[in-house]
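Subject: Structure handover

Hello,

Here is the structure for your files. My notes on what was found follow below it.

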Amino acid sequence: MCVNGESFRYFKGGRGLRQGDPMSLYLFTMVMEILSLIVEKKVKESDEFKYYFHCEKISLTHVCFADDLLMFCHGDLNSVMEEKHDILSHVPFKVEKILVNYLGVPLSSKRIGVGNCKVLIDKIKNRVLNWKNKCLSYVGRLQLIASVLESIHVYWSSVFLLPQTVIDDINKVFKGFL
């Protein structure tokens, strides 16, 4: 810790920050900035580091968003296992498989298939089932489709190119509800 230009020893933490604490945003930003500088320095010093395909032009080594962090490393198994072990020995991160949802959509580097879109179709069907019991006019149902159901579909479409069969299935649900 450095105060007014003088170095001091580290201080022992107490209870820490709680969720919603205004200070947590600043702390996260500071930590991510320091991490970015460390990673940048290590990449410049390393003769072994190779960028992921198409990432060298923009010097992309990691991505931070909200409370998530993606770090890129060598693609060989030995490198990945070493990096994983090194990271997990220093920080209490949780290891996840790459097939996770992020901001409501599946995280994938490839084009998604019909199977990946089952969640989307189920989400739309569940909304419709919740509304079926209500006495809605034709115009009311049309408005719900246009304002609520289509927004779910459009959000996914802004991230992925949806297969035509998925779009057809969604339209069948809309028509059935209408």
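A pocket here is an open set of grid points, on a 1 Å grid over the protein atoms alone, with protein on both sides within 12 Å along at least five of seven lines. The model is predicted, and the second largest pocket in it holds about 150 Å³ of space. Its lining consists of Ser36, Leu37, Val39, Glu40, Val43, Lys44, Tyr51, Ser59, Thr61 and His62. Helix α1 (residues 22-45) supplies the largest share of that lining, six residues. Sorted by class, the lining has four nonpolar, four polar and two charged residues.

On helix packing: helix α3 (residues 118-132) and helix α5 (residues 164-177) pack with their axes 10 Å apart, at an angle of about 0 degrees. Angles under 35 degrees count as roughly parallel, so α3 is roughly parallel to α5. From α3, the residues in contact are Leu120, Ile121, Ile124, Lys125, Val128, Trp131 and Lys132. They meet Val166, Asp169, Ile170, Val173, Phe174, Gly176 and Phe177 in α5. The residues of this contact comprise 10 nonpolar, one polar and three charged.

On confidence: the protein chain has a mean pLDDT of 78, and 79% of its residues reach 70 or more. Within the chain, confidence is highest in α5, at 88, and lowest in strand β1 (residues 2-3), at a mean of 62.

Regards

Conventions. Residues numbered from 1 in each chain as written. Predicted model: local features only at pLDDT ≥ 70, side-chain atom pairs only at ≥ 80, totals over all residues. Heavy atoms only, no water. Axes fitted to C-alpha atoms, helices over the stretch in contact; angles between N-to-C directions. Helix = DSSP H or I, 4+ residues; strand = E, 2+ residues; numbered from the N terminus. Parallel < 35°, antiparallel > 145°, perpendicular 65-115°, else oblique. Contact = heavy atoms within 4.5 Å. Nonpolar A, V, L, I, M, F, W, Y, C, P; charged D, E, K, R; others polar. 1 Å grid on protein atoms, 1.4 Å probe; cavity = no way out; pocket = protein on both sides within 12 Å on 5 of 7 lines; lining within 4 Å. Points joined across faces, edges and corners; volume = space filled by probe spheres on them. pLDDT = per-residue confidence, 0-100.
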